[in-house]
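Open the structure in your viewer and keep the sequence at hand. The tour goes from one selection to the next.

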Amino acid sequence: MITPIIKAAVQLAGLSRADLAQALGLSTPQALSNKYNRGSFTAQDLTRIAQACGVRLAFVDDTGRAVLTFPAPPADSDGSPADDAQAK
């Protein structure tokens, strides 16, 4: 399940339940508890959680290389993804 991973990321980032609820646009920490209990996080929720925690989500291939990240990493000055960014 995704809930333990989310809780660990939030704890490592030093966020409170209220902080995370606010980042997700939820009205109360209880609404966040409901999401935790159901494990009902959308892709948009996961992206918002990553942003609030100061990290990115990534799809990683079998070699450990990130092939797709959310949100997208910053671009180089020419507009191309930075060297450590998404795979081509």
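**A tour by selection**

Asp61 has a relative accessible area of 25%, which makes this residue partly exposed. Keep in mind that the model is a predicted one.

Arg65 is partly exposed, at 46% relative accessibility.

How many salt bridges does a search of the whole structure find? The search finds two. For the other selection, take Lys35 and Asp45, whose side chains meet in a salt bridge at 2.8 Å, N to O. Lys35 belongs to helix 3 and Asp45 to helix 4, so this pair links parts that are 10 residues apart in sequence. Both Lys35 and Asp45 are buried. As a general point, side chains of opposite charge can pair when their charged atoms come close.

Now select helix 1, residues 3-13. Which residues are buried there? Thr3, Ile6 and Val10 are buried. They lie on the same side of helix 1, because the arc they cover around the axis is only 65 degrees. Turn to the other side of helix 1, where Pro4, Ile5, Gln11 and Leu12 are exposed.

Next, show helix 2 (17-23), helix 3 (29-38) and helix 4 (43-53). The buried residues of helix 1 pack against these three helices.

Terms used:
Residues are numbered from 1 along each chain as its sequence is written. This is a predicted model: local features need pLDDT of at least 70, side-chain atom pairs count only at pLDDT 80 or more; totals for chains, interfaces and linings use all residues. Side-chain values use heavy atoms; hydrogens and water are left out. Buried means under 20% relative accessible area, exposed over 50%, partly exposed in between (1.4 Å probe, protein chains only). Helices (H or I, at least four residues) and strands (E, at least two) are DSSP runs, numbered from the N terminus. The arc is that of the directions from the helix axis to the C-beta atoms. Contact means heavy atoms within 4.5 Å. A salt bridge is a side-chain nitrogen of Lys or Arg within 4 Å of a carboxyl oxygen of Asp or Glu.
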